[in-house]
Amino acid sequence: MMIFLNIISDDVLRSRLEELYHLYKRDLLYVANDILNDYHEAEDVTQTAFIKFADYLDNEMDVKCYKTKALIVIIVRNLSFNIYNQRKRKTTVNIDDFRDVICDSENLDPEVNVLRLDSSREMAKRLSEINTRYADILVLKYNYELTNTEISKMLSISEVNVRKRLSRAKKALKKVVERGGDYE
Amino acid sequence: MNEKSDQSNKDNIIEAYYKMIGEAHIENIIADLDSNQDKIKETTVPKSLDNWFISFEKERTKKNNRQRFEKNIKKIPLKIAMILLIVTVLTTAVTFSVEAFRIRIFNFFIQKNETHTVIEKQNSLNNQSVPNIDIDEFYYLAYLPQGYYYEKYTIIDGEIVIQYSDGENAILFSQYEGSINYQLDTEDANVQEILIDGNQGHLIKKSERIILVWFNSDHNFLIKGYLPVDEVIKMAENMEKNK
C-alpha cells in the first residue's frame, strides 16, 4: 500500500515538474538571457534552476500560482547574476558604497513601517532597482520562509553570503524607507 | 519583561513589513514578466533544452525509484520481525484462550507420556516375566511378586525349570509335558488340595517354604519358593503359554 502511494506521489511530482517546465521555460530563458545576453548560458542557468527547484517541489505546491512563478524566476535571476559577476568580475550594483549613509540601528521604527505599508510596492520597486538580489533574498527569507541553508543551496551561494546579503538588504530597505522611496 | 515584550512586538511588525515588501516584490516580478510577454513569446526554446529535460526527468525517476527500493529493502527485516511477533502473539493467545486448542495440544503431550509408560511396562514384562528360552512352546509366570525377575532356566530330561529371583530369594517354576513323579519332602509339612483354574493341585507349606504342584491336560507344574500362599496361587493362576 505504501509503495503504491509512493508511486502515485512520485507521479504527481513528475507531472508537476513537467507542467512547471512547459509553463515557464520561455519566461526563464528570457529572464536569464536578459541578464546574461548569452543564449547558451541562459539555457544552462535554466537547467540548473529546474534541478534546484525539483528538490524544493512538493505535493502542496500550486504550479500555476504566481508565487511559484516568482520563486523560480528569482532562482534563475540570481543564478544568472552569479554567472554575470563571474564573467565580468564585478558586482551588479554595489550597495556597499552606500553603507556610510545607513543608520546605526538595523531595525526600522515600527510606527514608520505601519505608516508606509501602503507604499510598500513602490518601496520594493525602489529596493529592486537598487539591487534586485537584495529584494529577492528578503522574499526568500520572509515570504517563502526558507532557511539560510536552503537559500544558499537554491542560489548557489555560501551561507555567509546569505547572511551578509540579508543584512545589507535590510539596511538598504531602511534607507529607502527613510527617504520615502527617494533613494537618490 | 515589558522590554522583552516590546522588542518581540517590534520584531513581529518588522517581519510583517518585510513580508509586505516581499509580496510587493513578487507582484513587481510578475508585472515585469507580463509587460514583456511579447518578447517572452518570441523566445525560442532550443530543442536541446527539451531533450535535457526529458533525460533529467528519466534520471530523476530512476533515482527516486532506487531510493524508494533501498528504503523498502531496509524495512523488510523490520516487517518480518513484526509479522513473526504478531504470529507468535496470536498463536499464544489462541492456544491459551481457546479451550479446544488447549486440550488438543495438552493431549498431545499426555498421549506421548502414556505411550512412553506403556512401552516401559512392556519392556519390564519381557525382561522379568517372559524368559528368553530357545524352545518353541513353554509356559511362564505372567505375574511375579514385587521385585522378582527372570534369572535363568535349565532343561533336564525334558523338564524345563525357570528360575526367578529378587536378588536374595529364588522362585523355581518347573513344567514337564507328560507324567512325572515329584519326590517332595512333606515331613512336618501342611499339605492341602487346591484347584488352579479348575485343575487339581497340592499346596505344601513347610515353615516359610511353599511348594505348589498342579497339572493340566498335558503338563505338570511346580512352583517353589519362600512366599505367601496367596502370591504363589496368584502366580499359578496367571501362568501363560509362550507361542
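These legends describe close-up views of a predicted model. Local features need pLDDT of at least 70 and side-chain atom pairs count only at pLDDT 80 or more, while totals for chains, interfaces and linings use all residues; side-chain values use heavy atoms, with hydrogens and water left out. Residues are numbered from 1 along each chain as its sequence is written, and chains are lettered from A and ligands numbered from 1 in the order in which they are written.

**View 1. Overview of chain A.** Chain A has 8 helices and 0 strands, where helices (H or I, at least four residues) and strands (E, at least two) are DSSP runs numbered from the N terminus. Along the sequence the pattern is α-α-α-α-α-α-α-α. Of its 184 residues, 49% count as buried. Buried means under 20% relative accessible area, exposed over 50%, and partly exposed in between (1.4 Å probe, protein chains only).

View 2. α6(A) has 12 residues and spans 16 Å from its first C-alpha to its last, close to the 16 Å expected at 1.5 Å a residue. The expected span is 1.5 Å times one less than the number of residues. Because 11 of its 12 residues are buried, α6(A) is largely enclosed by the rest of the structure. Among the buried residues are Tyr134(A), Ile137(A), Leu138(A) and Tyr142(A). Just after α6(A), Glu145(A) takes a positive phi of about 55 degrees.

**View 3. Salt bridge between Lys19(B) and Glu145(A).** The two side chains meet at 3.3 Å, N to O. A salt bridge is a side-chain nitrogen of Lys or Arg within 4 Å of a carboxyl oxygen of Asp or Glu. Lys19(B) lies in helix α1 (residues 2-35) of chain B and Glu145(A) in the loop between α6 (132-143) and α7 (148-155) of chain A, so the pair joins two chains. Lys19(B) is partly exposed at 28% relative accessibility, and Glu145(A) is exposed at 55%.

**View 4. Salt bridge between Asp50(B) and Lys25(A).** The closest N and O atoms of this salt bridge are 3.2 Å apart. The pair crosses from helix α3 of chain B, which holds Asp50(B), to helix α1 (residues 2-36) of chain A, which holds Lys25(A). Both Asp50(B) and Lys25(A) are buried. Over all chains, the structure holds 7 salt bridges.

View 5. Arg60(B) and Glu57(B) form a salt bridge at 3.6 Å, N to O. The two residues are 3 apart in α3, so about one helical turn separates Arg60(B) from Glu57(B). Arg60(B) and Glu57(B) are both buried.

**View 6. Surface patches of chain B.** Lys58(B), Lys62(B), Lys63(B) and Arg66(B) gather in a patch of positive charge. Lys58(B) sits in helix α3 (residues 47-97) and is exposed at 55% relative accessible area. Leu78(B), Met82(B), Leu85(B), Ile86(B), Val89(B) and Leu90(B) form a nonpolar patch with about 600 Å² of accessible area together. Leu85(B) is also in helix α3 of chain B and is exposed at 51% relative accessibility. Patch residues have over 30% relative accessible area and no salt bridge; like charges are joined within 9 Å, and nonpolar side chains (Val, Leu, Ile, Met, Phe, Trp, Tyr) within 5 Å. Lys and Arg count as positive and Asp and Glu as negative, with His and the chain ends not counted; a charge is placed at NZ of Lys, CZ of Arg, CG of Asp or CD of Glu. Accessible areas come from the Shrake-Rupley method with a 1.4 Å probe, and for residues only the protein chains shown count as cover.
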